[in-house]
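My entries follow in the order I made them.

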Amino acid sequence: MSITRRDFLNGVAITIVAGVAPIDFLRAAPKGSQLAHQTLEYYPPALTGMRGSHEGSYEDAHHISRDGKSYDYKSAPLLDEFYDLIVVGAGISGLAAAYHYQQQLGKDAKILLLDNHDDFGGHARRNEFTTPEGLLIGYGGSESLQSPRSIFSKQVLDFMRTLAIDIDELEDCFNVNFYPDLGLGRGVFFDAKTFGVNKVVAGDPGSSVADEIPKDRINGRPIAEFINDFPFSEKDKADLLALFEEEVDYLAGMSTDEKVDWLDTHSYAEFLREKVGLSEHVMLYFQRSTDDFMAVGIDATCCSDARMCALPGFEGMNLPDMDEEMQAELDDPYTFHFPDGNAGLTRLMVRKLIPAVAPGTTMQDVVLAKFDYSQLDKPEHNVRLRLSSTGLHAQNITLEDGSAAVDVAYINQQQVHRVRAKQAVMAGYNMMIPYMVPEVSEAQKEALLQNVKAPLVYSNVVIRNWQTFMKLGVHNIYCPTAPYCMVKLDFPVNMGGYEHPDSPDKPVVLHMVYVPNLAGSALPAREQSRKGRSMLLGMSFAEHEKIIREQLQDMLGGVGFNHEEDIIAITLNRWSHGYSYSVNTLFDDEDEAEAIITTARQPIGNITIANSDSDWSPYAHSAIEQGIRAVDELIAMQAGGAQ
């Protein structure tokens, strides 16, 4: 298929309609980032092309962790800046740490946040697009607040209230009936390469984990009718239907405890193959059903987690109830979503820390607030946020007066700097800490290296209209063997003056999810993540663009979609280190994992450790909790020293 290159330069989108061509053009040139800062208004949310872990954000970290490069930190100039706290990493956890520190010690506290990316928020990334119909906002990473009424601690809920986040009001902004009222439901895309035909089958009657659609509004067909449209043999369709409809005890003869143990230690792929007896062809239907939520396919997802993901086969086994948290993730509405995902949360924290960055005081008025990035790193502000600054080294030191401090070295524009504070929080990827903090013990180093984050890509594609989805009768399409496992119309959220497109004749953001794992390999999750990350970093934007265009054309071309005319803009949010690692009972002993987690996040002198990594939990509330914990540890140290 021919791919037009007229809108792309060196793999960086310069889409005129997005209104950001000059900045992207400059950034693609030598020293372009610096030139863009000096020449034009700097506003990263409007940049298209390769975002997330963009070029220039990770290379210096790779130099010290992968290549063994050393820097002369002692000779690096010590900046004439002294802080109470330095936070390395300005994602959800780092920002939460800074904000909690300010709440506890007052607004006079001097705080510096460093981040390797050219935007704040970590994985909570805001994408903006200017279209002929007006502004569209999308999320490029951390998506929504998961089950806040059921899972969030009082500490986190209280923290969010100080940011003016009202959970009830946030939920009310999500129009759960928007797509159901249009007659749209979910579908599945079978691609010709695997199944012999490009076909979207609409009317999936099932619900999913973290489901935003009420169970009585799914717009599904009877399961037999739905499966009958699959491009499978009659026997395969009958076997699949039996799995959904017949309540069979596939582990008959085992005690309840034996069943639970078997489900914890065997993959869903093993279950389907060995206990249910599905053909390999039918099993492909389920292969990527866990990608979006677990970041691995069914070959590396245990049956207990597959059950939490609402996959079939467990209804007739007389199993004990799932624990409260797992049940909440399955049952609670997934409707706590800012138009820009959890970037709304990080923008609220940044505005609290640095009020000059944007006007307003509420969660509603932050949605359309235009942030002034020139205010992030001003000497006159007590809190400073320094972007494009990769932390390289952190070390406890003793000053001439005998007081303790921390020196942090970072690199910005190829220049290594040192900056000093009383204390520091490491709130970036935890597996980098062994390379950055030389005082870490061997045991802690080994524990930190166990958190191998899963790579993923969230691509936002603006299309001219969504009449093709209306013709297909879908708002969300699962793709079991295509590169992107999920393609969906953006969540219908109206908030703070921002209006989700109310007509299929208007442009809309398509949210697409790609998890680069080794589907069907049955390799351990960590190994799949390492290999997937290597593969992801080796792909150019042009390669990604080709994949996106081909998949959308194969999916939608039969009902009139033309990628050359209908795609307005592409923002590809590449997260080579995406979801935090979480306990996987196929490969981890749960008690041992808890011990590893505890060891990994121990303070190192006046340096503490945050990030959701430090809880092995890829959730916004975990990131907040860990930021708060890290600061509370520092405050306890201060109190102990004062005594």
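**Aspartate 588.** I looked up its side-chain partner in this predicted model. Aspartate 588 sits in the loop between β18 (567–579) and α25 (590–600). Helices (H or I, at least four residues) and strands (E, at least two) are DSSP runs, numbered from the N terminus. Aspartate 588 is buried, at 12% relative accessible area. My classes are buried under 20%, exposed over 50% and partly exposed in between (1.4 Å probe, protein chains only). Setting aside neighbours within four places in sequence, I find aspartate 588 in contact with Arg526, Tyr581, Ser582 and Val583. Contact means heavy atoms within 4.5 Å.

**Ground rules.** Residues are numbered from 1 along each chain as its sequence is written, and side-chain values use heavy atoms, with hydrogens and water left out. The model is predicted: local features need pLDDT of at least 70, side-chain atom pairs count only at pLDDT 80 or more, and totals for chains, interfaces and linings use all residues.

**Confidence.** I checked pLDDT, the predictor's confidence in each residue, from 0 to 100. The protein chain averages 93, and 93% of the residues score at least 70. Over residues 1–39 pLDDT stays under 50; the model has 77 contacts beyond four places in sequence for that stretch.

**Glutamate 169.** This residue lies in helix α7 (residues 167–172). Glutamate 169 is partly exposed, at 32% relative accessibility. Which residues does glutamate 169 contact, leaving aside neighbours within four places in sequence? I find Met363 and Gln364. The side chains of glutamate 169 and glutamine 364 make a polar contact of 2.7 Å. From glutamate 169 to methionine 363 I read 9.6 Å, C-alpha to C-alpha, across 194 residues of sequence.

**Salt bridges.** My rule is a side-chain nitrogen of Lys or Arg within 4 Å of a carboxyl oxygen of Asp or Glu. The count comes to 40 salt bridges. I looked up several.

- Lysine 488 and glutamate 143 pair at 3.8 Å, N to O. This pair links distant parts of the chain, 345 residues apart: lysine 488 is in strand β16 (residues 486–489), glutamate 143 in the loop between β7 (134–139) and α5. Both lysine 488 and glutamate 143 are buried.
- Arginine 186 and glutamate 212 pair at 4.0 Å, N to O. Arginine 186 is in strand β8 (residues 185–190) and glutamate 212 in the loop between β9 (199–202) and α10 (223–228), so the pair ties together parts 26 residues apart in sequence. Both arginine 186 and glutamate 212 are buried.
- Lysine 235 and aspartate 239 pair at 2.7 Å, N to O. Both lie in helix α11 (residues 234–245), four residues apart, about one turn of the helix. Lysine 235 is exposed at 55% relative accessibility, and aspartate 239 is partly exposed at 24%.
- Glu81, Asp377, Arg384 and Arg386 are linked in a salt-bridge network.

**Helix α17.** What caps the N-terminal end of α17? Aspartate 323 does, with a side-chain oxygen 3.1 Å from the backbone nitrogen of glutamate 325. In α17 (residues 324–331) the buried residues are Met326, Ala328, Glu329 and Leu330. Their cover includes α5 (148–151), α15 (291–294) and α16 (303–308).

Conventions
A polar contact is a pair of N or O atoms within 3.5 Å; within protein, one must be able to donate a hydrogen and the other to accept it, and residues adjacent in sequence count only if both atoms are side-chain atoms.
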